[in-house]
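User: I have a structure open and I'd like to go through it. Can you help me read it?

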Amino acid sequence: MSDSNLVSTSSDTEVATSEQFSDPGVPEHKLRLGDTDPKAAKRSERIVIALFGLSILGTIGMMAAYFGLPQDTSIAGVRIQNLTLGLGLGFALLGIGLGAIHWAKSLMSDHEVVEERHSVESSPEARAEAIQKLQDGVADAGVARRGVLKGAAISAVALFPLSFAVPLIGEIGADWNISKFRHTVWRRGVRLATDPTNRPIKASEVTIGSAYHVIPYAEDIDEEVRPGSHAWLDEKAKAIVLMVRMEPNELKEEDDRKDWSYEGIVAYSKVCTHVGCPVALYERQTHHLLCPCHQSTFDMADGAKVVFGPAKRPLPQLPITVDSEGYLVAQSDFTEPVGPSFWERLK
Amino acid sequence: MKALAARRHHRFAPVVLIMLALLVTGAVYAALAPSSAQAEDAVTTADDIEHGAALFQANCATCHGVDAVGKADAPSLIGVGAAAVHFQVSTGRMPMQSNAPQAPVKPVQFDEKQTMQLAAYIASLAPGPEIPSAEAVDPTLGDPARGAALFSTNCAMCHNAVGAGGALSEGKYAPALWNTTPTQIYEAMITGPQSMPVFNESNITPEEKRDVIAYVVAQRDGTPGGENLGSLGPVSEGLWAWILGIGVLIGAAVWIGAKSS
């Protein structure tokens, strides 16, 4: 659009509808340096040869690494094998790709060629013939005469998808047993044991400033949920506990929980009440417990109350005491469901 | 000298020079490199305690008090044991330079002998965790596979799955373990420095501690897959893939589409 056109359309009140963009056509062909200067063409050729040469070197390098490197299974040995094989393979392919593209761009003819599209539609005669054949076929098969057969065929095809749709849809959310989230394997008298070594813990051995990652002692829980069984991982996921000991005078305890701790030893569920990450980054000096996923912070000296982050509820506390032999034991299960909220949590 | 100067353009001259330079570097390193702690050889004498007391008065008493009973900003050192002193001083954490969320690792201020003297003095005030023997921390005697199970339960949440370290709250952090010596790892477990809890013998037995050390040391061999990008997981790997990987792909696409000049 030229300047004079712009002036005329803006000054006229009537928009000039005839002034439409015209097809600019193929831009003027520009010659490359290599098209006019044989030296430049020679230089491009050398670059392409060098790129293919890089590929050849890559292949040779990979072969050399494959046959030449010792069968070393140490970490360093495997690393050097992976590195050399990968670099060889990478350069072998990269050289071919770059060489081919540079060849095509700088040396092969780059004259623009226009190929007009042909019509997608078939000729009227061909279309009429095809429709005629279809109609003849339907008439010949006699579909219209056999009504029951037609109905049976349509029913069979229509019903078939049920065979995969019903199981697929039916299994969405099949497990509605939410009562399993209310309970863990902790119960009265189950000893606290170290995770993963499964040693019961004596209260006298827990020094101030300690943090123990605790699981229920295998011999104190039902056989079908013990470590090694299929159900154990599910049960462990709910029952994991972090136990710490601090100076008893540092502990702030609600009146109804005074007997849930033992001489400064407290045990809380390790499942975050936000979305259920294992919350275990215990800072001994501040007694803060940090969740690595979303930075919820709980104060283990003050009922595991939330002091920072997106969690809404304190961590559930496991009431503990000692048995006659001095081992730490649970007084009961957790008094509320562990982990993140769910609709029927407190029903 | 003249004969030597005449040969300086000889084609083997650079090779000879490099060999000489390597020899000198190696000799200097061997002479200056810190020797590893020989804990079991160190027999504490009254002399050591006396020297340690003098060092303590000169370097530590300002904050920890002349009797090492602590002040408002610094804890009491009664009963912390030789292990705690050795850990804090041999990693450079103590003497602390300034008040910060936690004491960082910095160049070590005392040599091994002075550190042992300080440790002997503090240990003489009250019994506490002792510096482990070389055998107790020898990673070649530990089982890295068992150590991995213990590490992932007890240590990995703060120190990262391979010991690359990680952030805690309010400016505190769990340091990376790449350069921590086996002795220091053991001492940290039994003394619980700063934010770290204590892992005593009933929690992780001495043998298990050696397994943990074997696992931590094994991570220093790197990974079979190549560059680990700091072992920091999806953050560094994602940055690498999205910025560098996609950047290179976009660049290649632009190059392929551009007309040759």
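Predicted model: local features only at pLDDT ≥ 70, side-chain atom pairs only at ≥ 80, totals over all residues.

User: OK, how many residues of chain B are in contact with chain A?

Analyst: Chain B has 37 residues in contact with 35 residues of chain A (contact means heavy atoms within 4.5 Å).

User: And how much area do they bury between them?

Analyst: About 2900 Å², with 53% of it on carbon and sulfur atoms. Buried area is the accessible area (1.4 Å probe) that two parts lose on being put together, summed over both.

User: How many salt bridges are there between the two?

Analyst: Three between chain B and chain A, where a salt bridge is a side-chain nitrogen of Lys or Arg within 4 Å of a carboxyl oxygen of Asp or Glu. A:Glu283 and B:Lys172 form a salt bridge, with their closest N and O atoms 2.8 Å apart.

User: Which elements of chain B give two or more residues to that side?

Analyst: Helices H7 (144-154), H8 (156-159) and H11 (234-257) of chain B. Helices (H or I, at least four residues) and strands (E, at least two) are DSSP runs, numbered from the N terminus. H7(B) has the largest share, four residues.

User: Switching topic: how big is the second largest pocket?

Analyst: Its volume is about 630 Å³, which is the space filled by probe spheres set on grid points joined across faces, edges and corners. On a 1 Å grid over the protein atoms alone, a pocket is an open set of points where a 1.4 Å probe fits, with protein on both sides within 12 Å along at least five of seven lines; lining residues have an atom within 4 Å of a point.

User: Which residues lie nearest its centre?

Analyst: B:Phe87, B:Arg93, B:His159, B:Pro175 and B:Leu177, out of 37 lining residues. H9(B) gives the most to the lining, four residues.

User: Back to salt bridges. How many over all chains?

Analyst: The structure holds 17. One joins the side chains of A:Glu45 and A:Lys42, at 3.7 Å from N to O.

User: Where do A:Glu45 and A:Lys42 lie?

Analyst: Both are in helix H3 (residues 38-68) of chain A, three residues apart, about one turn of the helix.

Conventions
Residues numbered from 1 in each chain as written. Chains lettered and ligands numbered in written order. Heavy atoms only, no water.
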